[in-house]
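Subject: Handing over the two-chain model

Dear colleague,

Here is the structure I promised to pass on to you, together with my notes on what was found in it. Please open it alongside this message as you read.

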Amino acid sequence: MAVDAVLVWTVIAILAVGTFLIRFSFLGLIGDRPLPPIVVRLLRFTPVAVLPALVAPQVLWPNATDGQTDPVRMLAALTTLAVGMVTRKVLPAIVAGSAVLIIGLQLSAAG
Amino acid sequence: MFVVVPFGLLFGVVAMDAGLTLTQTMGMTMLVIAGAAQFTALQMMVDNAGLWLIIAAALAVNLRMAMYSAALVPHLGKAPLWQRALIAYMNFDQTYAVASIAYEQNPEWPVERKVTFFFGVATPIVPTWIAATLVGALIGKAIPTDLGIDFILPITFIALVGPMLRTVPQMIAASVSVAVGLILSGLPSGMGLLIAAACAMAAGAATEIWQEKRSATWL
């Protein structure tokens, strides 16, 4: 699966500049002015607001199965979430979810 | 702190699997240096989203770093501009976490000492991140694509979110994000994501404000 080279480099360039500007914003440009409290409040929710919506359609309708709901991928997703919430750690969650995914796919291919 | 090693490895593997070249993978990792945003951009490219939707989604994931930038101003605001620019380039989750704790504990440090400390923290992390990505990309070339690698990317996102779900407002934000994201998944790739994210942020913030008001009236 090839991705259009011009698109990739354009994404990289704009993302690099944009990310730098976000990081430089207050430190370099805006200076020592406090953020309005409502903005701070909203910003704290960005990762938890963006990532679930990004991932949810992939869990229910994976690209790799042409949108067919796949019990193995679903189980792997639930395992990852459970381990992440219980351990509060990212890596154990990735390891557990990947293990369920790989073993499950092998088993379903064999069965 | 050295979560950057497995994370960099993983980005290398997944980027190559998504169809990026080695140069593109390394270019992205060196210029953007923001794991979650890089993974987001990859997923959006795989989903064939349009350019501006890819950018908007990935930058939305990075918005939290505006907070880091603001939080460092009282400590580093008086450093020379070139030093602040360099610090901004390396101001990501791990470096910010270590530096901000040290600054809280040592408020008497002069600004030069604080700048030196930041560079001291960042100097080993940045090359480690880049090297780990390179190793991952080289491994990724060798892994057969039918092992379910496609789904490692969603697993990574879920693993990032799971530990963040510590409070009711965060859980509500994540649930709204999932629900709206699914309902709007018929829209062009990325459009539903941004609307879902906006709803989720509002829902999380509103829940938090409501909780604070309620506990205030109990006092």
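Predicted model: local features only at pLDDT ≥ 70, side-chain atom pairs only at ≥ 80, totals over all residues.

Chain B

Chain B contains 11 helices and 0 strands, and its elements, read from the N terminus, accordingly run α-α-α-α-α-α-α-α-α-α-α. Its C-alpha trace extends over about 55 × 50 × 25 Å along the principal axes, and 47% of its 219 residues count as buried. If one takes the contacts in chain B between residues at least 6 apart in sequence, 72% of them join residues that are at least 24 apart.

The chain is divided into domain 1 (1–164) and domain 2 (165–219), with the C-alpha centres of these two domains of chain B lying 25 Å apart. Where they meet, 13 residues of domain 1 are in contact with 11 residues of domain 2. On the domain 1 side of that contact, α4(B) provides the largest share, 5 residues, and the side as a whole comprises 9 nonpolar, 3 polar and 1 charged residues.

The interface between chains A and B

Between the chains, 66 residues of chain A are in contact with 80 residues of chain B. On the chain A side, α1 (5–30), α2 (37–44), α3 (46–60), α4 (71–87) and α5 (90–110) each supply at least two residues, and α1(A) gives the most, with 19 residues. By class, this side of chain A has 47 nonpolar, 13 polar and 6 charged residues.

In one of them, the axes of α1(A) and helix α2 (residues 22–32) of chain B come within 9 Å and cross at roughly 10 degrees; because angles under 35 degrees count as roughly parallel, α1(A) is described as roughly parallel to α2(B). The contact is made by A:V8, A:W9, A:I12, A:L15, A:A16 and A:T19 on the α1(A) side, and by B:Q24, B:G27, B:M28, B:L31 and B:V32 on the α2(B) side. These residues divide into 8 nonpolar, 3 polar and no charged.

In the other pair, α3(A) packs against helix α4 (residues 51–62) of chain B at an angle of about 140 degrees, with the axes 8 Å apart, and that angle makes α3(A) oblique to α4(B). Here A:T46, A:P47, A:V50 and A:L54 of α3(A) meet B:A57, B:A60 and B:V61 of α4(B), a set of residues with 6 nonpolar, 1 polar and no charged members.

The nonpolar core

The largest nonpolar core has 101 residues, and those with the most contacts inside it are A:A53, B:A173 and B:A200. Within chain B, this core draws at least three residues from each of domain 1 (1–164) and domain 2 (165–219). As a general background, nonpolar side chains tend to be buried together in soluble globular proteins. Leaving aside residues up to four places away in sequence, B:A173 touches A:F45, A:V48 and A:A49 in chain A, as well as B:A200, B:M201, B:A203 and B:G204 in chain B.

Single residues

B:Y68 is found in helix α5 (residues 64–76) of chain B, and it counts as buried because 23 C-beta neighbours lie inside 10 Å. Apart from residues up to four places away in sequence, B:Y68 touches B:N91 and B:Y96, while the C-alpha atoms of B:Y68 and B:F92, which are 24 residues apart along the chain, are separated by 8.0 Å.

A:D66, which is not a glycine, has a positive phi of about 55 degrees; it lies in the loop between α3 and α4 of chain A and, with 7 C-beta neighbours inside 10 Å, counts as exposed. B:N48, also a residue other than glycine, has a positive phi near 60 degrees; its place is in the loop between α3 (35–46) and α4 of chain B, and with 14 C-beta neighbours inside 10 Å it counts as partly exposed.

With best regards

Conventions: Residues numbered from 1 in each chain as written. Chains lettered and ligands numbered in written order. Core = buried A, V, L, I, M, F, W, Y, C linked by C-beta atoms within 7 Å. Buried ≥ 20, exposed ≤ 12 C-beta atoms within 10 Å, placed from the backbone. Domains from an automatic or database assignment. Contact = placed C-beta atoms within 7 Å. Helix = DSSP H or I, 4+ residues; strand = E, 2+ residues; numbered from the N terminus. Nonpolar A, V, L, I, M, F, W, Y, C, P; charged D, E, K, R; others polar. Axes fitted to C-alpha atoms, helices over the stretch in contact; angles between N-to-C directions. Parallel < 35°, antiparallel > 145°, perpendicular 65-115°, else oblique.
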